[in-house]
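Please look over the sequence and the coordinates together before reading on. The explanation moves from the whole chain to single elements and residues.

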Amino acid sequence: GGGGGGGEGVADLAVAEAAAREEVFYTIWEQTTTLAARSRAEELEDIANEDLYQRYCTSLLRCVSLARLREGGALRAGVEGRADTCIDRVDALIELRATRLSQETKSLPAAHFFILFVFSLQLLVSFLIPLAAAPATEDDVVLRGAFAFFSATYTLVFNFAVDLNDPFTGNYQIRRSAINANLVATRRCVAAAVGDERAREWQRDDDRIAVERRRRRRERAAAGVESAASQSPAL
């Protein structure tokens with residue numbers, strides 16, 4: 001009876017260790033999704049709710065502790081050393097992530113838009129003064145063409161500046177495609193470790209979460225439009 005209980009205890013430890021190991025791989029899978037498909041705002045939301053890097057370290061240490069218990073306190077040579085190396089690399093990744101996120105927050109300074117505002121006033125005045133001095137110049141084709149050209153150039157520059165301040169949803173977007181090839185290779189390694197069926201299940205979860213996030217963004221955008229409409233004065 002005691003031997004049977006001891007065997008069940010070892011089996012339970014093995015099951016718990018396998019679950020902790022799968023959690024480690026799933027955390028890596030989720031981080032690849034964050035880097036490849038999610039925006040900065042979504043990444044910050046994930047960090048605030050549950051930092052994936054911290055969850056990876058917790059799961060890895062739990063996996064090592066369970067393996068030590070299963071082996072009776074003695075681990076195979078190099079296991080703890082490799083775990084410490086992984087944690088050191090995660091610490092370096094956390095620093096790199098902080099640097100990347102801080103760089104992604106950089107936007108055009110307010111002085112840039114003030115200069116554009118001053119330029120727009122100068123553009124209007126430079127054409128209104130000649131027109132006020134000589135009303136006949138209103139029919140001048142050259143003057144009209146010059147005004148249209150400078151107005152179009154100003155509009156293009158202003159819209160481009162506004163778009164640069166919204167790098168994830170504007171016309172010119174930051175896409176992390178440069179690292180996607182490495183992320184695909186990482187996912188293949190994870191799939192090989194956990195099995196293709198489990199990887200496909202995780203991919204279906206990713207697709208479902210992505211649809212849910214898009215739905216919430218649309219709802220927030222619709223709520224913002226309704227709020228602005230309700231606060232605007234009736235015409």
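This is a predicted model: local features need pLDDT of at least 70, side-chain atom pairs count only at pLDDT 80 or more; totals for chains, interfaces and linings use all residues.

Among the contacts with a sequence separation of 6 or more, 73% are accounted for by residues 24 or more positions apart.

Helix α5, which spans residues 110–133, has 24 residues and reaches 35 Å from its first C-alpha to its last, close to the 34 Å expected at 1.5 Å a residue. The buried residues of this helix are Leu116, Ser120, Leu123 and Phe127. An α-helix has 3.6 residues a turn, so residues three or four places apart point the same way. The cover over the buried residues of α5 includes α6, at residues 141–164.

Arg55, in helix α3 (residues 52–70), counts as buried because its relative accessible area of 14% falls under the 20% cut-off. Leaving aside neighbours within four places in sequence, Arg55 is in contact with Glu23, Tyr26, Thr27, Glu30 and Glu50. Ala181, by contrast, belongs to helix α7 (residues 180–194) and is exposed, because its relative accessible area of 57% is over the 50% cut-off. The C-alpha atom of Ala181 is separated by 9.8 Å from that of Ala36, although the two residues are 145 residues apart along the chain.

Key: Residues are numbered from 1 along each chain as its sequence is written. Side-chain values use heavy atoms; hydrogens and water are left out. Helices (H or I, at least four residues) and strands (E, at least two) are DSSP runs, numbered from the N terminus. Buried means under 20% relative accessible area, exposed over 50%, partly exposed in between (1.4 Å probe, protein chains only). Contact means heavy atoms within 4.5 Å. The expected span of a helix is 1.5 Å times one less than its number of residues.
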